[in-house]
Amino acid sequence: MFVGHYCAAFVAKRIEPRLPLWTLLLAVQVVDVFWGLFILLGIERASLDPGLPGNPLVLSFMPYTHSLPATLLWSAAAGVLGVALWARGEHKLKLGLTLAAAVASHWLLDLLVHRHDLGLWGDAHKVGLGLWDLPMAAYALEILLLAGSVLLLAFSPVWPGSRRRALAVLCLGLLVLQTASQFGATPGNLKAMVVSALAVYLLVPLAGRWAEGK
Ligand SMILES: [Zn+2]
């Protein structure tokens, strides 16, 4: 999954407005940020098969970022860090749990689209519902998740009306990214794909910071 992951950030912002949007946009992709770094470092393994429908990625070994136990550890760490950085006064647990849930949402949303590559325990018992094999359905799901969650946030009391237009621009940018990655040329090699994905994962939070104005 790609931009659909950001739906969890927009929903979490509505639930816990004390968390900056840029933090949530980074949190929902943080396991993919480490996946990209681990692929470049040779710690996890993947390859490209342009013959596959929907998404050319063959994710053969990623126990440290995309197994269920690893995801839970990443999300617990994020929750603790979030409380340390942003919880002031009351309801610290709510803030920590919201950030942890944003990180954990990555695994659940990946579960819908990935082909059997998400380990339930380390690199074993791999699962994935494989919606990538139905590319148009996967694309529709990404767009629906994104648009629905942006609407939910934009018209909520926590998002100022004066910043609605900026949020719409962010949403449009994400839509363009999804469309380009879905219908554009398949990347020539894995390294180029990973580097461009990492750039997106860092630029989207920056755009979120601009959209929120803080
Ligand atoms: Zn992922």
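Reply: Start with one residue and what surrounds it. Contact means heavy atoms within 4.5 Å. Apart from neighbours within four places in sequence, Trp35 is in contact with Glu44, Ala46, Leu57, Leu59, Met62, Thr65, His66 and Val194. A note on the source: this is a predicted model, in which local features need pLDDT of at least 70, side-chain atom pairs count only at pLDDT 80 or more, and totals for chains, interfaces and linings use all residues. Residues are numbered from 1 along each chain as its sequence is written, and side-chain values use heavy atoms, with hydrogens and water left out.

Me: Which residues touch the most other members of the largest nonpolar core?
Reply: A nonpolar core is a set of buried Ala, Val, Leu, Ile, Met, Phe, Trp, Tyr and Cys residues joined through side-chain atoms within 4.5 Å. Buried means under 20% relative accessible area, exposed means over 50%, and partly exposed is in between, with a 1.4 Å probe and protein chains only. Here the largest core has 56 residues, and those touching the most other members are Tyr6, Phe10, Leu25, Trp35, Leu167, Leu170 and Leu174. At least two residues of this core come from each of α1 (6-15), α2, α3 (30-41), β2 (57-61), α6, α7, α8 and α9 (190-212). The most, nine residues, come from α9.

Me: How are helices and strands numbered?
Reply: They are DSSP runs numbered from the N terminus: helices are H or I with at least four residues, and strands are E with at least two. Take Ala27, which is found in helix α2. Ala27 counts as buried, at 8% relative accessibility. Not counting residues up to four places away in sequence, Ala27 touches Leu99, Ala102 and Val103. Gln178 is found in helix α8 and is buried, with a relative accessible area of 2%. With neighbours within four places left aside, Gln178 is in contact with Phe2, Val3, Tyr139, Glu142 and Ile143.

Me: Which residues coordinate the zinc ion?
Reply: Donors are N, O and S atoms within 2.8 Å of the metal (3.2 Å for Na, K and Ca); water is not among the atoms, so sites may look incomplete. The zinc ion is coordinated by Asp32 (OD), His66 (NE2), His106 (NE2) and Asp110 (OD), at 2.1 to 2.2 Å. Along the sequence, these donor residues follow the spacing D-x33-H-x39-H-x3-D. Both His106 and Asp110 lie in helix α6 (residues 92-113), four residues apart, which is about one turn of the helix. His106 counts as buried at 1% relative accessibility, and Asp110 counts as buried at 1% as well.

Me: Why is the arrangement around the zinc ion irregular?
Reply: Four donors count as tetrahedral if all angles lie between 85 and 135 degrees; four count as square planar and six as octahedral if opposite donors are over 155 degrees apart and all others between 65 and 115; anything else is irregular. The four donor atoms around the zinc ion subtend angles of 81 to 171°, so the arrangement is irregular.

Me: How many aromatic pairs are there?
Reply: Rings of Phe, Tyr and Trp (its six-membered ring) pair if their centres lie within 6.5 Å; planes under 30 degrees apart count as stacked, over 60 as edge-to-face and the rest as tilted. The count by this rule is five aromatic pairs. One of them is the edge-to-face pair of Trp22 and Trp86, with 6.1 Å centre to centre and 80° between the planes. Trp22 is in helix α2 (residues 21-27) and Trp86 in helix α5 (residues 68-86), so this pair ties together parts that are 64 residues apart in sequence. Trp22 counts as partly exposed at 25% relative accessibility. The rings of Tyr139 and Phe183 also form an edge-to-face pair, because their centres are 5.0 Å apart and their planes are at 70°. Tyr139 is buried, with a relative accessible area of 16%, whereas Phe183 is partly exposed at 49%. Ring pairs also link Phe34, Phe38 and Trp74 into a cluster.
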